[in-house]
Amino acid sequence: MNENMTKNELIRSVKFLFFSVSAGVIQMGSFALLNELLHLDYWFSYLISLILSVIWNFTLNRKFTFKSAANVPVAMLKVALFYVIFTPLSTWWTAALTELSYGIMWNEYVVVVLTMVINFVTEYIYDRFFVFANSLDTAK
């Protein structure tokens with residue numbers, strides 16, 4: 001990799017981080033609202049908050065981080081495929097780590113934050129090298 005490409009990738013990574021943090025704020029805020037104020041089941045609160053953050057994150061990262069002119073429905077379908085795998089797995093491990101019936105009682109917010117870190121790393125790699133790999137920097 002030449003120096004310019006390395007700099008571009010660093011900038012892309014930082015943008016992804018900032019947009020992911022903003023999506024994390026949306027996820028944590030909506031999770032707290034659903035879990036604490038409405039007292040919905042943990043898994044349902046988690047699922048709704050995850051969906052809201054994914055839509056936010058996809059929209060910003062497609063336009064500003066990856067600058068992709070790729071077909072939006074196709075790109076969103078690819079992201080949805082990521083979440084077809086990630087969501088059931090993360091829903092399962094959040095329940096397993098937070099519910100007494102599994103014998104483990106981790107703090108719900110600790111589990112959400114750890115899950116968000118796992119999501120951040122795996123989704124960046126997936127988006128960069130699969131979803132937007134062939135359409136990086138094609139938007140004007």
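User: Let's start with packing: at roughly what angle do the axes of helix 1 and helix 4 cross?

Analyst: Axes here are lines fitted to C-alpha atoms, for helices over the stretch in contact, with angles from 0 to 180 degrees between N-to-C directions. In this predicted model, helix 1 (residues 3–37) and helix 4 (residues 108–131) cross at roughly 145 degrees, and their axes come within 10 Å. The crossing is right-handed, a term for the near helix being turned clockwise from the far one by less than a right angle, with anticlockwise giving left-handed. The contact of helix 1 with helix 4 has 11 nonpolar, 5 polar and 7 charged residues. In that tally Ala, Val, Leu, Ile, Met, Phe, Trp, Tyr, Cys and Pro are nonpolar, Asp, Glu, Lys and Arg are charged, and the others, Gly among them, are polar.

User: Now salt bridges. How many does the rule find?

Analyst: Here is the general idea: side chains of opposite charge can pair when their charged atoms come close. The rule asks for a side-chain nitrogen of Lys or Arg within 4 Å of a carboxyl oxygen of Asp or Glu. The count comes to 3 salt bridges. Arg12 pairs with Glu9, with the closest N and O atoms 3.3 Å apart; both lie in helix 1, 3 residues apart, about one turn of the helix. Glu9 also bridges to Arg128 at 3.0 Å, a pair that links helix 1 to helix 4 across 119 residues. Arg12 in turn reaches Asp137 at 3.1 Å, and this pair joins helix 1 to the segment after helix 4, 125 residues apart. Through shared partners, Glu9, Arg12, Arg128 and Asp137 form one network.

User: Is Arg12 buried or exposed?

Analyst: Buried means under 20% relative accessible area, exposed means over 50%, and partly exposed is in between (1.4 Å probe, protein chains only). Arg12 has 5%, so it is buried. Glu9, at 16%, counts as buried, and Arg128 is buried too. Asp137 is partly exposed at 43%. Across the protein, buried residues make up 38% of the 140 residues.

User: And which residues make the nonpolar surface patch?

Analyst: A patch takes residues with over 30% relative accessible area and no salt bridge, joining nonpolar side chains (Val, Leu, Ile, Met, Phe, Trp, Tyr) within 5 Å and like charges within 9 Å. Areas come from the Shrake-Rupley method with a 1.4 Å probe; for residues, only the protein chains shown count as cover. Here Leu77, Leu81, Val84, Ile85 and Leu89 make a patch of about 490 Å². Val84 lies in helix 3 (residues 72–98) and is exposed, with a relative accessible area of 55%.

Notes. Residues numbered from 1 in each chain as written. Predicted model: local features only at pLDDT ≥ 70, side-chain atom pairs only at ≥ 80, totals over all residues. Heavy atoms only, no water. Helix = DSSP H or I, 4+ residues; strand = E, 2+ residues; numbered from the N terminus.
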